[in-house]
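Here is a short report on one protein chain. Keep the sequence and the 3D view open as you read.

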Amino acid sequence: VARLCAEAEVAVLSLDYSLSPEHVFPAALMDCVAALNWVAREGRACGLDPERLAVAGDSAGGNLAAGLCLWVRDHGGPRILLQALIYPALTTDVAPGNSAGVSPATVSHYVKAYFGKQDLAENNYAMPLSAKSVAGLPPAFIATAEMDPILPHGEMYAERLRHAGIPCDYTCGYGLPHTYLRLVHLSSAAARELSACCTAIRVALGIAQGKAA
């Protein structure tokens, strides 16, 4: 988060949202909705510009960022200028394989914990790839990792957004695993992927070099 703040030159609200299995869907998503509304309402008093908002997340956080954009589209809320989704988990389907501890079995475990006893595989706020329509969503930056069983999630979502006429930049970190953001201090490839995300945020928010938002 600190590196994203510095490189993108933005203020970042890092949300400590409710975690499963103690708190099942939609608790975490509603935390995100509340945080977004708070920033829009109180941000100016904190020196922020509530007219320039972006949401971002990696893995489960990418799921929440995408679900938040769908929620705001359907229920109303602050305008989001960019959704940055980094190796997002967007459906219950997982390709065979294992990367950085991500396997079909582990994803199934996390999904069951997040859903509780609810059948949410077709709930677009829980699993955004199940959305019947992605029209009206904010522009997107989507990053995936080559060595990641859930790579198709981000790839398919980018394709759907583009098909719906939503501007979407897509990048795949070749040779990188799921959770590669943890490697930005060790891997030049991971650092490049983060830089691409920061650039997308800067462009979406209209931030000139050296002028933080």
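## Strands 1 and 2

Valine 55 has glutamine 83 as its bridge partner in strand 2. The model is predicted. Strand 1 and strand 2 run parallel and are joined by 5 bridges. Between them the chain passes through helix 3, and this β-α-β crossover is right-handed.

How many of the residues of strand 2 are buried? The count is 5 of the 5, so strand 2 is largely enclosed by the rest of the structure. Its side chains split by direction: Leu82, Ala84 and Ile86 point one way, and Gln83 and Leu85 point the other way. In a regular strand, side chains alternate between the two faces of the sheet.

## Strands 3 and 4

Strand 2 also pairs with strand 3, again in the parallel sense, over 4 bridges. Here isoleucine 86 stands opposite alanine 143. Strand 3 is in turn joined to strand 4 (residues 168-177) by 7 bridges, and these two strands run parallel. Phenylalanine 141 has aspartate 169 as its bridge partner in strand 4. The chain goes from strand 3 through helix 5 to strand 4, in a right-handed β-α-β crossover.

Alanine 145 lies in strand 3. Is alanine 145 buried or exposed? Its relative accessible area is 0%, so alanine 145 is buried. Beyond its neighbours within four places in sequence, alanine 145 is in contact with Leu151, Cys172, Gly173, Leu176, Pro177, His178 and Tyr180. The C-alpha atoms of alanine 145 and tyrosine 174 are separated by 6.3 Å, although the two residues are 29 residues apart along the chain.

## Helix 3

Helix 3 has 16 residues. From its first C-alpha to its last it reaches 22 Å, close to the 22 Å expected at 1.5 Å a residue. Its buried residues are Gly61, Gly62, Asn63, Leu64, Ala65, Ala66, Gly67, Leu68, Cys69, Leu70 and Val72.

What covers the buried residues of helix 3? The cover includes helix 2, strand 1, strand 2, helix 4 and helix 5. Just after helix 3, glycine 76 takes a positive phi of about 90 degrees.

## Nonpolar cores

The largest nonpolar core has 40 residues. Leu68, Ile142, Tyr157 and Leu161 have the most contacts inside it. Two or more residues each come from helix 2 (27-42), helix 3 (60-75), helix 4 (104-115), strand 3 (140-147) and helix 5 (151-163). Which element gives the most to this core? Helix 3 does, with 7 residues.

Not counting residues up to four places away in sequence, tyrosine 157 touches Ala66, Leu70, Gln83, Leu85, Leu90, Pro128, Leu129, Val134, Leu137 and Ile142. A second, separate core has 23 residues, including Val10, Leu82, Ala190 and Ile207. In soluble globular proteins, nonpolar side chains tend to be buried together.

Glutamate 9 lies in the loop between helix 1 and helix 2. Its phi is near 60 degrees, a positive value in a residue other than glycine. Is glutamate 9 buried or exposed? With a relative accessible area of 17%, glutamate 9 is buried.

Serine 59 is not a glycine either, and has a positive phi of about 60 degrees. Serine 59 lies in the loop between strand 1 (54-58) and helix 3. Its relative accessible area is 18%, so serine 59 counts as buried, given that buried means under 20%.

Notes. Residues are numbered from 1 along each chain as its sequence is written. This is a predicted model: local features need pLDDT of at least 70, side-chain atom pairs count only at pLDDT 80 or more; totals for chains, interfaces and linings use all residues. Side-chain values use heavy atoms; hydrogens and water are left out. A nonpolar core is a set of buried Ala, Val, Leu, Ile, Met, Phe, Trp, Tyr and Cys residues joined through side-chain atoms within 4.5 Å. Buried means under 20% relative accessible area, exposed over 50%, partly exposed in between (1.4 Å probe, protein chains only). Contact means heavy atoms within 4.5 Å. The expected span of a helix is 1.5 Å times one less than its number of residues. Two strands pair if DSSP finds at least two bridges between them. A crossover is right-handed if, with the strands pointing away from the viewer, the path from the first strand over the helix to the second runs clockwise.
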